[in-house]
Amino acid sequence: MPELPEVEHVVRALRRAVLGRQILAVEIRLAKLISPTSTSIFNRKLKNSRIESIGRRGKYILIELETTDALPNSRATAPQVLAVHLRMTGQFRVLAPDDPLPPHAHAIFYLDDERRLVFRDQRQFGVMKLMARSQLGKTKGIKELAPEPFSDDFSIAYLKETFARSRRTLKTLLLDQTRVLGLGNIYAAEALFRARINPFKIASELSSRRVERLHQAIRDVLRAAVSGNSSRRINLENPDGFSYGEAFGKVWQVYEREGEPCFKCGTRIRRLTHAGRSTYWCPKCQKR
């Protein structure tokens, strides 16, 4: 599943490809993608809308739209936001007029330059929510999210308070987007390794010094992934799509390195299934 850095790079790729374009029409081929909104209402609200900005909240891609009725002297209606969650296999593609549709194409946005913005999702877990911009912070799934990891609200004090209230293991707590935002299985493992903290330690038992170290590690590992050159590998016009593993795998220090030597001490990396997910750690650098 794409994590915050990957979603950020998709946002940047979308900006390069479709920012400022007008949506002439929409074709929804999988009704549950936009549920509970009907396809007719969804199409009507997006017709003739212009893509004004593309951002992100957590792992949600936020496409802000201004809509007119396409008549002379018409005025824009209230701004709308299309919130998209890729989940496990969701991808955007940009197609030229003669390009064939890829498999599992569930939403097709016809643009004013004759191209098509296509959302495809093999496992059909992706979600699209259309709402007024004023309702974004009140929308279920978004309103519960923790502070953005690079914001002032995600402070050391916030993290200390969050950990102090929880008897969960650090690994499971870090995956909870309502407590710590943006970390999935990969970057939770990487942040804990950078901070030299065992993933199975109880959150409330972590010392203040280690909380500070983990806070810095979370920001460092996300910043490194977001600021790298990996975004160049995400080309929405590439018919072969892109692989998150190819784009980001080279920076992993423990994730998917079971049995390989630790880059710091040489001890073999271990893996254990914990809460249904693979957890990787160095038993020497991250002593329990």
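Biologist: Among contacts in the protein chain between residues at least 6 apart in sequence, what percentage join residues at least 24 apart?

Modeller: A heads-up first: this is a predicted model, where local features need pLDDT of at least 70 and side-chain atom pairs count only at pLDDT 80 or more, while totals for chains, interfaces and linings use all residues. Residues are numbered from 1 along each chain as its sequence is written, and side-chain values use heavy atoms, with hydrogens and water left out. A contact means heavy atoms within 4.5 Å. Among contacts at least 6 apart in sequence, the share joining residues at least 24 apart is 62%.

Biologist: How many helices and strands does the protein chain have?

Modeller: Helices (H or I, at least four residues) and strands (E, at least two) are DSSP runs, numbered from the N terminus. For this protein chain, that gives seven helices and ten strands.

Biologist: And what percentage of the residues count as buried?

Modeller: Buried means under 20% relative accessible area, exposed is over 50%, and partly exposed falls in between (1.4 Å probe, protein chains only). The accessible surface of the chain comes to about 13,900 Å², with 47% of that belonging to carbon and sulfur atoms. Of the 288 residues, the buried share is 51%.

Biologist: Let's look at the helices. At what angle do α5 and α6 pack?

Modeller: Helix α5 covers residues 185–195 and helix α6 covers 208–227. Axes are lines fitted to C-alpha atoms, for helices over the stretch in contact, and angles run from 0 to 180 degrees between N-to-C directions. The two axes lie 8 Å apart, and the packing angle is about 125°.

Biologist: What do you call α5 and α6 relative to each other?

Modeller: Under 35 degrees counts as roughly parallel, over 145 as roughly antiparallel, 65 to 115 as roughly perpendicular, and the rest as oblique. With that packing angle of about 125°, α5 and α6 are therefore oblique.

Biologist: How many nonpolar residues does the contact of α5 with α6 have?

Modeller: On the α5 side, the contact is made by Y187, E190, A191, L192, R194 and A195, and α6 brings residues including R213, L214, A217 and I218. Ala, Val, Leu, Ile, Met, Phe, Trp, Tyr, Cys and Pro count as nonpolar, Asp, Glu, Lys and Arg as charged, and the others, Gly among them, as polar. By class, there are no polar residues and four charged ones, and the nonpolar count is eleven.

Biologist: Which residues of α6 make the contact with α1?

Modeller: Helix α1 (residues 4–18) packs against α6 at about 30°, with the axes 9 Å apart. That makes α1 roughly parallel to α6. From α1 the contact takes L4, P5, E8, H9 and R12, and from α6 it takes L222, A225 and V226.

Biologist: Staying in α1, how far apart are the C-alpha atoms of V7 and G182?

Modeller: V7 sits in helix α1, and counts as buried at 1% relative accessibility. Leaving aside neighbours within four places in sequence, V7 is in contact with P2, R56, G58, K59 and I61. V7 and G182 are 175 residues apart along the chain, yet their C-alpha atoms are separated by 9.5 Å.

Biologist: Is N48 buried or exposed?

Modeller: N48 is found in the loop between α2 and β2 (49–57). Its phi is near 70°, a positive value in a residue other than glycine. At 15% relative accessibility, N48 counts as buried.

Biologist: What is the relative accessible area of Q124?

Modeller: Q124 lies in the loop between β7 (116–121) and β8 (127–132). Here too phi is positive in a residue other than glycine, near 60°. Q124 is partly exposed, with a relative accessible area of 29%.

Biologist: Last one: which residues does E144 touch, not counting those up to four places away in sequence?

Modeller: E144 is in the loop between β8 and α3 (156–164), and counts as partly exposed at 33% relative accessibility. Its C-alpha atom is 9.0 Å from that of R179, 35 residues away along the chain. The residues E144 touches are T139 and T178.

Note on methods: Areas by Shrake-Rupley, 256 points an atom, 1.4 Å probe, with all protein chains shown as cover.
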